[in-house]
Amino acid sequence: MAAAQGRLSDGAGGMDEASEGDRDGSRSAPPAFRAAVDALRAARLRPQIEVDPAPAPKKLAPYAYALEATVVDGEQDLADGRLVLLHDPDGHDAWRGTFRLVTLVRAELEPEMAADPLLPEVCWSWLTGALQARGLAYGEPSGTVTRASSHFFGGLAERPANSQIEIRASWSPREGLGGVPDAAAHLASWCDLLAQVAGLPPAGPGDASVVTLPQRRGPQTR
């Protein structure tokens, strides 16, 4: 398994204004935040998911740490995403706690799959199901599921139509001993979501009931 170490360069629902290493676990950060960031850095993940640190947003919270991930199959990128850990030592009324996780996940789909009217509900259930499957407690979940299709004309008419699913979400992880959430477990659950969106087979026997998207047409070549 690969250790948590990105490629998502565009904005992601408030994640666009960023600064590399901006209060991301330095010595001046609160101990609870430093412990959560250390857990993210030390997490061990399935080898098909490449995870790297990313610029963290500056305005969402006093402290933030970000990761970007790509689901890789050989030379093909099947899905990508960004996960941001936010921390406000004074607490946040909307979070009902001092920590918040914010994410963007996206992947290409078969047009037929994108036309399924139940797809948004299914994708949202993958997020909540991934958290529940690992026994993680969380609160105040919110988010959107967006599907978009592109059709090409004129000089681009030879390109096949493509469709994309995008999940933007946030939730408050339950804080444990010392006010520290189980950040590594939440990262693992997020990677489970990425794997499902990418259409990877279940990681283990306990995940046999997971339904994943079928292989997308024309994943990006690296």
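**Before you start**

This is a predicted model, in which local features need pLDDT of at least 70, side-chain atom pairs count only at pLDDT 80 or more, and totals for chains, interfaces and linings use all residues. Residues are numbered from 1 along each chain as its sequence is written, and side-chain values use heavy atoms, with hydrogens and water left out.

**Stop 1: the whole protein**

Show everything as a cartoon. The protein has 4 helices and 11 strands. Helices (H or I, at least four residues) and strands (E, at least two) are DSSP runs, numbered from the N terminus. Now switch to a surface. The accessible surface is about 10800 Å², by the Shrake-Rupley method with a 1.4 Å probe, where for residues only the protein chains shown count as cover. Carbon and sulfur atoms hold 50% of that surface. Of the 222 residues, 43% are buried. Buried means under 20% relative accessible area, exposed over 50%, and partly exposed in between (1.4 Å probe, protein chains only).

**Stop 2: the largest core**

Select Leu187 and Trp190. These two have the most contacts inside the largest nonpolar core, a set of 45 residues. A nonpolar core is a set of buried Ala, Val, Leu, Ile, Met, Phe, Trp, Tyr and Cys residues joined through side-chain atoms within 4.5 Å. Elements that give two or more residues to this core include α1 (31–42), β4 (49–54), β6 (63–73) and α4. The largest share comes from α4, with 10 residues. In soluble globular proteins, nonpolar side chains tend to be buried together.

Stay on Trp190. Which residues does Trp190 touch, not counting residues up to four places away in sequence? They are Ala69, Gly81, Arg82, Leu83, Thr103, Leu104 and Val105. Contact here means heavy atoms within 4.5 Å.

Then look for a second, separate core of 9 residues. Among its members are Ala54, Leu86, Trp95 and Val102.

**Stop 3**

Color helix α4 (residues 183–198) and pick Cys191 in it. Is Cys191 buried or exposed? Cys191 is buried, because its relative accessible area is 3%. Leaving out residues up to four places away in sequence, Cys191 touches Leu45 and Ile49.

With a relative accessible area of 2%, His186 is buried. Leaving aside neighbours within four places in sequence, His186 is in contact with Leu101, Leu131, Leu136, Ala137, Tyr138, Trp171 and Pro173.

**Stop 3: strand β6 and its partners**

Select β6. This strand is mostly covered, with 10 of its 11 residues buried. Two strands pair if DSSP finds at least two bridges between them. On one pairing, β4 and β6 run antiparallel over 6 bridges. Find Asp52 there; its bridge partner in β6 is Glu68. On another, 11 bridges join β6 to β7, again antiparallel. Val72 stands opposite Asp77 in β7. Follow the chain into the β6 and β7 hairpin, which has 2 residues between the strands. Gly74 takes a positive phi near 65° there.

**Stop 4: strand β10 and its partners**

Move to β10. It is mostly covered too: 9 of its 12 residues are buried. β8 and β10 pair in the antiparallel sense over 9 bridges. Here Leu109 stands opposite Ser163 of β10. Strand β9 (residues 138–150) also pairs with β10 in the antiparallel sense, over 11 bridges. Select Ser150 and its bridge partner in β10, Asn162.

**Stop 5: rings**

Phe33 is in helix α1 and Tyr63 in strand β6, 30 residues apart. Both are buried.

Finish at Phe152. The charged end of Arg159 sits over the Phe152 ring, 5.6 Å from its centre. That label requires NZ of Lys or CZ of Arg within 6 Å of the ring centre and within 35 degrees of the ring normal.
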